[in-house]
Amino acid sequence: LHISDLFNLLTKQLKSVESWNSEVFNVGGGVSGSVSLCELTTMCREFTGKTIPVHSSKETRPNDLLCYLSDCAKVQKRYDWKPQVSPPQLISEIADWIRGNATALKPILA
């Protein structure tokens, strides 16, 4: 979920704070913003030009999530909101930010 999408939702919520009744909402990219690890890895390679070794493990560990999707239907309906930034755009912006801050990030980048 892009920070601007979250900000837009919070802005909508703050404009109607008087109607909030302690409801809890799931917020995330939802089905339309979902990507597999394989798809995400491909996007990262595409936008950074970097490749790191990736391997799979046949075993499923006790805390592995096989699939996670945020069900945002409730918050979308209540606030007429949905994420606008696509996963490729989000990854592209992160890659641009990393390039723009390479000097400061040098100690942690390989």
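How many aromatic pairs does the count come to? I began my notes with this question, and by the rule I used the count comes to one aromatic pair.

**Entry 1: what I am looking at**

I am reading a predicted model, so I kept to its limits: local features need pLDDT of at least 70, side-chain atom pairs count only at pLDDT 80 or more, and totals for chains, interfaces and linings use all residues. I number residues from 1 along each chain as its sequence is written, and side-chain values use heavy atoms, with hydrogens and water left out.

**Entry 2: the aromatic pair**

For the rule itself, I noted that rings of Phe, Tyr and Trp (its six-membered ring) pair if their centres lie within 6.5 Å, with planes under 30 degrees apart counted as stacked, over 60 as edge-to-face and the rest as tilted. I found the ring centres of Phe-25 and Tyr-79 to be 5.6 Å apart with the planes at 70°, so this pair is edge-to-face. The pair links distant parts of the chain, since Phe-25 is in the loop between α1 and α2 while Tyr-79 is in helix α3, 54 residues apart. Helices here are DSSP runs (H or I, at least four residues), as are strands (E, at least two), and they are numbered from the N terminus.

Next I looked up accessibility, where buried means under 20% relative accessible area, exposed over 50% and partly exposed in between (1.4 Å probe, protein chains only). Phe-25 is buried, with a relative accessible area of 15%, and Tyr-79 is buried as well, with 7%.

I also noted that Lys-74 lies over the face of Phe-25, at 5.2 Å from the ring centre. A charge sits over a ring if NZ of Lys or CZ of Arg is within 6 Å of the ring centre and within 35 degrees of the ring normal.

**Entry 3: salt bridges**

I looked up the salt bridges (a side-chain nitrogen of Lys or Arg within 4 Å of a carboxyl oxygen of Asp or Glu), and the structure holds three of them.

Arg-78 forms a salt bridge with Glu-23, the closest N and O atoms being 3.0 Å apart. This pair, too, links distant parts of the chain, with Arg-78 in helix α3 and Glu-23 in the loop between α1 and α2, 55 residues apart. I have both down as partly exposed, Arg-78 with a relative accessible area of 28% and Glu-23 with 23%.

Arg-61 forms a salt bridge with Asp-64, where the closest N and O atoms are 3.1 Å apart. Arg-61 is exposed, with a relative accessible area of 51%, whereas Asp-64 counts as partly exposed at 27%.

In the case of Asp-96 and Arg-99, the side chains meet in a salt bridge at 2.6 Å, N to O. These two are three residues apart in helix α4, so they are separated by about one helical turn. Asp-96 is partly exposed at 43%, and Arg-99 is partly exposed at 48%.

**Entry 4: positive phi**

Which residues other than glycine did I note with a positive phi? Most residues other than glycine have a negative phi. Ser-22, however, has a phi near 65°; Ser-22 is found in the loop between α1 (3-15) and α2 (37-48), and counts as exposed at 54% relative accessibility. Asp-80 has a phi near 45°; Asp-80 is found in the loop between α3 (73-79) and α4 (87-100), and counts as exposed at 65%.

I then turned to the pockets, and about 850 Å³ of space lies in the largest pocket. Of the 25 residues that line the largest pocket, the closest to its centre are Ser-36, Leu-37, Cys-38, Leu-65 and Leu-66. On a 1 Å grid over the protein atoms alone, a pocket is an open set of points where a 1.4 Å probe fits, with protein on both sides within 12 Å along at least five of seven lines, and lining residues have an atom within 4 Å of a point. Grid points are joined across faces, edges and corners, and a volume is the space filled by probe spheres set on the points.

The lining of the largest pocket divides into 10 nonpolar, 11 polar and four charged residues. Here Ala, Val, Leu, Ile, Met, Phe, Trp, Tyr, Cys and Pro count as nonpolar, Asp, Glu, Lys and Arg as charged, and the others, Gly among them, as polar.

The second largest pocket has a volume of about 550 Å³. I counted 16 residues in the lining of this second pocket, of which Cys-44, Thr-48, Lys-50, Ile-52 and Ile-98 lie nearest its centre. The elements that give two or more residues to this lining are α2 and α4, and the largest share, five residues, comes from α4. The lining of the second largest pocket divides into 10 nonpolar, three polar and three charged residues.
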